[in-house]
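This report goes through selected features of one structure, from charged side chains to the strands and the disulfide. Please keep the sequence and the model in view while reading.

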Amino acid sequence: QVQFVESGGALVQPGGSLRLSCVTSGFKFNNYDMSWYRKVPGKERRPVAAITDDGESTKFADSVKGRFTIFRDQDKDTVYLQMNSLKPEDTAVYYCNAGWWIGEFASWGRGTQVTVSS
């Protein structure tokens, strides 16, 4: 059974940093690209970052480019999202899934809430 367990979200002030983690199970992690997504109420879930299966290439949405990084730990079946210089517009629930910019699996985790506010 494919599972994604996101964590690391919190309330943070503008300009602050957070590191999100997504622990995966139920599929061969090393064989899949991975992506992070975020969703705000009333809007569709959108991708913000992706990383290839080997960790060699990444992609970022324009809105987070230069502020977010994505990396993975193949031994822990975990993908991370390092978020720096956070802005109020980064406030959202963040999710991960396998695949490059499109969720590979139909099942999603519960996500982790990031709130950027002073």
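Is Arg 67 buried or exposed? Arg 67 is buried, with a relative accessible area of 10%, where buried means under 20% relative accessible area, exposed over 50% and partly exposed in between, with a 1.4 Å probe and protein chains only.

## Basis of the description

This is a predicted model, in which local features need pLDDT of at least 70 and side-chain atom pairs count only at pLDDT 80 or more, while totals for chains, interfaces and linings use all residues. Residues are numbered from 1 along each chain as its sequence is written, and side-chain values use heavy atoms, with hydrogens and water left out.

## Salt bridges

A search of the whole structure finds 3 salt bridges, a salt bridge being a side-chain nitrogen of Lys or Arg within 4 Å of a carboxyl oxygen of Asp or Glu. Asp 90 forms one of them with Arg 67, with the closest N and O atoms 2.7 Å apart. Because Asp 90 lies in the loop between β8 and β9 and Arg 67 in the loop between β6 and β7 (68-73), this pair ties together parts that are 23 residues apart in sequence. Strands such as these, like helices, are DSSP runs numbered from the N terminus (helices H or I, at least four residues; strands E, at least two).

Asp 90 also meets the side chain of Arg 38 in a salt bridge, at 2.9 Å from N to O. That pair links distant parts of the chain, since Arg 38 is in strand β4 and Asp 90 in the loop between β8 (78-83) and β9, 52 residues apart. Arg 38, Arg 67 and Asp 90 are thus linked in a network of salt bridges; Arg 38 counts as buried at 13% relative accessibility, and Asp 90 counts as buried at 0%. A further salt bridge joins Asp 62 to Lys 65, with the closest N and O atoms 3.0 Å apart, and here Asp 62 is exposed, with a relative accessible area of 66%.

## Arg 72

A polar atom of the Arg 72 side chain lies 2.9 Å from the backbone oxygen of Thr 52. The side chain of Arg 72 also makes a polar contact with the side chain of Gln 74 at 2.8 Å, a polar contact being a pair of N or O atoms within 3.5 Å, of which, within protein, one must be able to donate a hydrogen and the other to accept it, and residues adjacent in sequence count only if both atoms are side-chain atoms.

## Sheet and disulfide

An open sheet of mixed pairing is formed by 6 strands in the order β2-β10-β9-β4-β5-β6, two strands being paired if DSSP finds at least two bridges between them. β2 (11-12) and β6 (58-60) stand at the edges, each with a single partner strand, so one side of each is left without a neighbour in the sheet. Strands β4 (residues 34-39) and β5 (residues 46-51) pair in the antiparallel sense over 5 bridges, and Tyr 37 has Pro 47 in β5 as its bridge partner.

The whole structure holds 1 disulfide, defined as a pair of cysteine sulfur atoms within 2.5 Å, and this disulfide joins Cys 22 to Cys 96 with an S to S distance of 1.7 Å. The pair links distant parts of the chain, with Cys 22 in strand β3 (residues 18-25) and Cys 96 in strand β9 (residues 92-98), 74 residues apart. Cys 22 counts as buried at 0% relative accessibility, and Cys 96 counts as buried at 0%.
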